[in-house]
Amino acid sequence: MEHAIFGGGALGLMAAYRLAKAGQTVMVFEQETVAGGLAAGFRVGDTWLEKFYHHLFRTDTTAIRVIEELGLGERLEWSRPRTVSLVGGQIQQLDSPLTLLGFAPWRIDERLRVAAVCAFLKVANPRWLEGKTAAAWLRRWMGKRPYEMVFEQLFVSKFGALHDQIALPWFWARLHDRTTRLGYLRGGFQQVYETLVERISQAGGKVLLGTRVEKAEPLEDGRWQVQTSQGTWTVDRVISTLPTRLTCRLIAALPDDYRARYDWGQAYGAHCLILALDRRLTDSYWINLCDPGFPFTGLFEHTNFRSPAEYGGRHIVYLGNYRPMPDPLFTMSKEQVFAEFLPHLKRIVPAFEPEWVQESWMFKAPFAQPIVTTEYREHIPPLHTPLKGLWVANMFQVYPHDRGQNYSFELANRLVKELR
């Protein structure tokens with residue numbers, strides 16, 4: 001069978017790799033010039049750095065197995081970087097059961113209550129939580145004060161006006177999947193995607209970078225015609241790993257009832273301003289901003305997780321955001337974004353000066369964060385569409401887990417089993 005795969009991210013490349021290994025013919029179409037999708041990297045000196053901050057949890061067992069399968073296992077390193085929260089203008093460590101029990105802004109009864117809720121969510125079946133919003137449920141069971149002091153602003157900064165509509169199973173996954181030890185691939189996760197491209201090519205497949213899919217349509221003989229910015233191909237099967245909404249735009253033949261149910265919902269875009277400093281900014285890897293008014297969702301100092309020596313002595317800081325795609329942030333220049341962020345950086349580190357910044361980069365991506373409301377589950381498309389030979393697999397289908405490399409690889413493996 002000849003397969004056209006739309007999208008060269010983790011899911012598309014893993015599906016292509018599995019199919020190519022099984023003797024199938026595959027072509028991957030990726031509009032970016034670098035493979036990897038949301039997990040893709042860029043060069044900083046002699047190494048790769050992710051455009052959007054990434055790490056693995058111990059629970060990411062599929063991703064760990066893939067890294068080992070590709071011969072990169074000796075590069076996977078684990079550590080326990082420090083995660084903190086900015087609460088009332090003060091940095092507080094909050095990244096384990098022990099630090100929760102010692103969390104000074106909460107009274108002891110509040111700490112015990114939050115600990116009990118977290119323990120319940122760690123063992124709960126997410127199906128028990130269907131139909132409930134995270135905001136209302138957490139406020140009720142954690143207590144109004146603990147919820148509003150720490151969690152509410154995190155929801156607001158990530159989801160804006162939709163913060164009180166996020167489904168509780170989404171929050172369950174964020175807590176359930178998390179571990180204190182984090183993994184990183186020495187040299188960057190881009191090595192996974194470069195290796196996948198190489199293995200696909202060795203098995204006779206093709207990965208066409210810089211190639212945008214423009215439309216696809218079924219032919220009378222049961223095959224598919226795929227039109228791209230680099231030419232037109234005829235194949236037996238189409239696998240779209242693009243967001244369902246984009247797939248519906250590209251494939252006019254999808255029926256109206258399919259569109260009504262699955263061309264649904266919202267997704268925010270991702271935005272990252274990355275700074276390379278000449279010195280350390282903080283002593284923490286991950287800073288949750290629980291105080292209101294910040295124009296970014298969090299500060300992530302990558303070189304408190306990895307050594308600055310890996311990046312030529314640069315100290316790498318991410319300022320991350322999720323915003324609705326029409327948000328003005330996505331049209332601002334890097335200089336405009338930095339000027340807007342600067343006063344808020346000084347709220348976190350008053351001594352910070354712009355002269356510390358030696359280099360900077362900015363990246364953005366659409367459809368990066370699905371908005372998981374209580375109706376979300378009813379709108380998850382099946383892998384096989386009503387059209388013969390058309391399959392859909394994307395981040396929308398990893399529910400209740402959040403987007404990530406691990407669940408993309410896992411879904412790719414499930415898809416290939418169904419295809420066979």
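**Exercise 1.** Find where Pro400 sits, between β20 and α12.

*Solution.* Pro400 lies in the loop that runs between β20 (390–392) and α12 (405–419). Helices (H or I, at least four residues) and strands (E, at least two) are DSSP runs here, numbered from the N terminus. For context, most peptide bonds are trans.

A quick note on the source: this is a predicted model, where local features need pLDDT of at least 70, side-chain atom pairs count only at pLDDT 80 or more, and totals for chains, interfaces and linings use all residues. Residues are numbered from 1 along each chain as its sequence is written, and side-chain values use heavy atoms, leaving out hydrogens and water.

**Exercise 2.** Work out which strand holds Phe367, and whether Phe367 is buried or exposed.

*Solution.* Start with the strand: Phe367 belongs to β19 (residues 357–370). Then look at the backbone, where its phi is near 55°, positive although the residue isn't glycine. Finally, Phe367 counts as buried because its relative accessibility is 16%; the cut-offs are under 20% for buried, over 50% for exposed and partly exposed in between (1.4 Å probe, protein chains only).

**Exercise 3.** List which residues of helix α2 are buried, and say what covers them.

*Solution.* Helix α2 (residues 61–69) buries Thr62, Ala63, Ile64, Val66 and Ile67. Their cover includes α1 (10–21), β5 (56–57), β6 (76–79), β9 (182–185), α8 (190–202) and α12, going by contact (heavy atoms within 4.5 Å).
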